[in-house]
Amino acid sequence: MKIIIDQDKCVASGQCVTAAVDVFDQRDEDGIVVLLTDNPPEDLAADVHQAAAVCPALAIVVED
């Protein structure tokens, strides 16, 4: 699984973090999404896809 984040699109809503806390976080200074791991375990795939789906800015793309 490859996760692509467009930080320029991110609106710092935190929806991705709520959906996949082990994969996404937010920068303290501005709330922009950051990826915690480049290679999340397969058991988190559903959470990662949910995080991409709930992102209001469509800033996360998941390639399987």
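Two strands pair if DSSP finds at least two bridges between them. Keep that in mind for the first stop. The model on screen is predicted.

**Stop 1: the E1–E4 pair**

Select strand E1, residues 2–5, together with E4. The two strands run antiparallel and are joined by 4 bridges. Now pick Ile 3. Its bridge partner in E4 is Val 62.

Stay on E4 and colour its residues by face. Ile 60 and Val 62 make up the covered face. Val 61 and Glu 63 make up the uncovered one.

**Stop 2**

Select Ile 60 and show its surroundings. Beyond residues up to four places away in sequence, Ile 60 touches Ile 3, Ile 4, Cys 16, Phe 24, Ala 51, Ala 52 and Cys 55.

In soluble globular proteins, nonpolar side chains tend to be buried together.

**Stop 2: Gln 26**

Move to strand E2, residues 24–26, and select Gln 26. Is Gln 26 buried or partly exposed? Its relative accessible area is 25%, so Gln 26 counts as partly exposed, given that buried means under 20%.

Show the side chain and look for backbone oxygens. The one of Gly 31 is reached at 2.8 Å. The backbone oxygen of Ala 12 lies 3.4 Å from a polar atom of the Gln 26 side chain.

Now list the contacts of Gln 26, leaving aside neighbours within four places in sequence. Among them are Ser 13, Gly 14, Val 17, Ile 32, Val 33 and Val 34. For a distance check, pick the C-alpha atoms of Gln 26 and Cys 16. They are separated by 9.2 Å, with the residues 10 apart along the chain.

**Stop 3: the salt bridges**

How many salt bridges does the structure hold? There are 2. Select Arg 27 to find its partners. Asp 30 forms a salt bridge with Arg 27, with the closest N and O atoms 2.6 Å apart. Glu 29 meets Arg 27 in a salt bridge at 3.6 Å, N to O.

Colour these residues by accessibility. Glu 29 is exposed at 64%. Asp 30 is partly exposed at 37%. Arg 27 is partly exposed at 27%. Shared partners join Arg 27, Glu 29 and Asp 30 into one salt-bridge network.

Notes: Residues numbered from 1 in each chain as written. Predicted model: local features only at pLDDT ≥ 70, side-chain atom pairs only at ≥ 80, totals over all residues. Heavy atoms only, no water. Buried < 20%, exposed > 50% of the residue type's maximum accessible area, 1.4 Å probe, protein only. Contact = heavy atoms within 4.5 Å. Polar contact = N/O pair within 3.5 Å; in protein donor to acceptor, adjacent residues only side chain to side chain. Salt bridge = Lys/Arg side-chain N within 4 Å of Asp/Glu carboxyl O.
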